[in-house]
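Subject: Structure handover

Hello,

Here is the structure I promised to pass on. Please open it and keep it beside this email while you read.

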Amino acid sequence: MLNFNIRGENIEVTPAIREYVENKIEKIERYFSEGVSANANVNLKVYNDKQTKVEVTIPMRNVTLRAEERHDDMYAAIDLIVDKLERQIRKHKTKVNRKFREREGVGVYFAQEVAGTTPSPVEEDEFTIVRTKQFDLKPMDQEEAILQMNLLGHDFYVYTDADSNNTNIVYKRRDGKYGLIETN
């Protein structure tokens, strides 16, 4: 079901590491329906301070599962990644089941029930909107949008691009740099 693409940056992906990654991540296959095939892209990084970072991305037709974990121990990071992926699957399954209870065929990717994986009430509450804001999008360039974001103390800022007139988003990355999401 899962095809693995494992890359290492500043680390050699040994057969032992490959086997550990595959055995751990294959555990999430129990959530998938029969016959579903997906690619699991795994990126292992080791930094100069011996800190490791594990990224896993599993793109599928209706959902993309993605998790990232930093840890001093790469094997511990892989274990934590599996927990994150399982939480994402349970959240998505709960959301889909709640939204489309009356429809059949929901859960194209996820098996109907796995013993012991009933979502907790806390997970369902995570989708409750507690505040709504409305504002006009002012045309500006990305530099001004970054300044506005920093002035507000937010991690992202939505604006209308002055050149293209499209709605764009600038955001602050974990490494302290900035990212831009452009819409069409």
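Below is what turned up, starting with the overall layout.

Keep in mind that this is a predicted model.

**Overall layout**

The protein has four helices and eight strands. Starting at the N terminus, the order of elements is β-α-β-β-β-α-α-β-α-β-β-β. The protein has 184 residues, and 34% of them count as buried. It exposes about 12,200 Å². Carbon and sulfur atoms supply 46% of that area. Now take the contacts between residues at least 6 apart in sequence. Of these, 41% join residues at least 24 apart.

**The sheet**

Look next at four of the strands. They form an open sheet, in the order S5-S6-S7-S8, with mixed pairing. Which strands stand at the edges? They are S5 (139–140) and S8 (178–182). Each has a single partner strand, so one side of each has no neighbour in the sheet. S5 and S6 (residues 156–161) run parallel, and two bridges join them. To find one of the contact points, go to proline 139. Its bridge partner in S6 is threonine 160.

**The aromatic pair**

A search of the whole structure gives one aromatic pair. The rings belong to tyrosine 20 and tyrosine 75, and their centres are 4.7 Å apart. Their planes stand at 85°, and planes over 60 degrees apart count as edge-to-face, so this pair is edge-to-face. Where do the two residues lie? Tyrosine 20 is in helix H1 (residues 15–25), and tyrosine 75 is in helix H2 (residues 74–99). The pair therefore ties together parts that are 55 residues apart in sequence.

Tyrosine 20 has 23% relative accessibility, so it counts as partly exposed. Tyrosine 75 has 31%, so it is partly exposed as well.

**The largest pocket**

The largest pocket holds about 290 Å³ of space. Which elements each supply at least two residues of its lining? They are strand S3 (52–59), strand S4 (64–71) and helix H2. S4 gives the most, with four residues. To locate the pocket, select some of its lining residues, including Lys53, Glu55, Arg66, Lys84 and Gln88. Tyr171, Arg173, Arg174 and Asp175 are also among the lining residues.

Best wishes

Notes: Residues numbered from 1 in each chain as written. Predicted model: local features only at pLDDT ≥ 70, side-chain atom pairs only at ≥ 80, totals over all residues. Heavy atoms only, no water. Phe/Tyr/Trp six-rings, centres within 6.5 Å; stacked < 30°, edge-to-face > 60°. Buried < 20%, exposed > 50% of the residue type's maximum accessible area, 1.4 Å probe, protein only. Pairing = 2+ DSSP bridges. Contact = heavy atoms within 4.5 Å. Areas by Shrake-Rupley, 256 points an atom, 1.4 Å probe, with all protein chains shown as cover. 1 Å grid on protein atoms, 1.4 Å probe; cavity = no way out; pocket = protein on both sides within 12 Å on 5 of 7 lines; lining within 4 Å. Points joined across faces, edges and corners; volume = space filled by probe spheres on them.
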